[in-house]
Amino acid sequence: MPSWSAIEKAEPEFAAKVRRLFDAGRHKTIATLRADGSPRISGIECEFADGEVRFGSMTAARKGADLRRDPRFALHGPTFHPVEGNEAEWPGEAKIAGRAVPAGPVVAADEGGEAPDGEMFVADITEVVVTGLNDEANKLVVESWTPARGLQRVERD
């Protein structure tokens with residue numbers, strides 16, 4: 001499965017749009033799967049660094065246990081609502097789905113960097129989606145990318 005750098009190389013404009021939407025706010029939401037298969041939603045922060053999407057889980061957090069057991073996830077960027085009357089200015093929202101690959105411990109900088117403070121994961125990406133509006137703000141536009149089919153754009157009433 002591809003890393004973030006593969007998407008940047010294949011679709012640089014789309015990747016830049018996704019990155020802008022994710023970078024628009026600090027807090028994101030991640031969906032993981034509980035042991036019984038039911039979904040779990042958790043708040044999370046993520047970063048785009050060295051061609052990867054990275055996110056962590058604090059020590060003993062349920063989302064980390066979920067990802068170690070079943071690495072499938074969906075990550076949703078910050079959400080902003082369209083302002084009535086100014087819908088054309090709504091930037092949209094972005095989502096990334098894939099498999100979380102353990103990438104080692106997270107060490108708390110404020111504790112002298114001695115003890116692990118959680119676990120870092122990198123994303124093997126299966127799908128990236130941007131939902132927004134067309135220029136006239138009268139149709140929903142869904143742009144999605146997968147490794148198998150590349151970038152696709154659909155407009156809906």
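How many nonpolar, polar and charged residues does the lining of the second largest pocket have? We will get there by way of the largest pocket. The model is predicted, so local features need pLDDT of at least 70 and side-chain atom pairs count only at pLDDT 80 or more, while totals for chains, interfaces and linings use all residues. Residues are numbered from 1 along each chain as its sequence is written, and side-chain values use heavy atoms, with hydrogens and water left out.

A pocket here is an open set of points on a 1 Å grid over the protein atoms alone, where a 1.4 Å probe fits, with protein on both sides within 12 Å along at least five of seven lines; lining residues have an atom within 4 Å of a point. A volume is the space filled by probe spheres set on the points, which are joined across faces, edges and corners.

The largest pocket has a volume of about 280 Å³. It is lined by 15 residues, and Glu45, Phe55, Gly56, Ser57 and Met58 are the closest to its centre. Two or more lining residues come from each of β2 (39–44), β3 (46–49), β4 (52–58) and β7 (116–133); strands are DSSP runs of E, at least two residues, numbered from the N terminus. β4 gives the most, with 5 residues.

Now to the second largest pocket, with a volume of about 210 Å³. Among its 14 lining residues, Lys17, Gly132, Leu133, Asn134 and Val141 are the closest to the centre. β7 and β8 (140–146) each give two or more residues to this lining, and β7 has the largest share, 4 residues.

That brings us back to the opening question: the lining of the second largest pocket has 6 nonpolar, 3 polar and 5 charged residues. In this count Ala, Val, Leu, Ile, Met, Phe, Trp, Tyr, Cys and Pro are nonpolar, Asp, Glu, Lys and Arg are charged, and the others, Gly among them, are polar.
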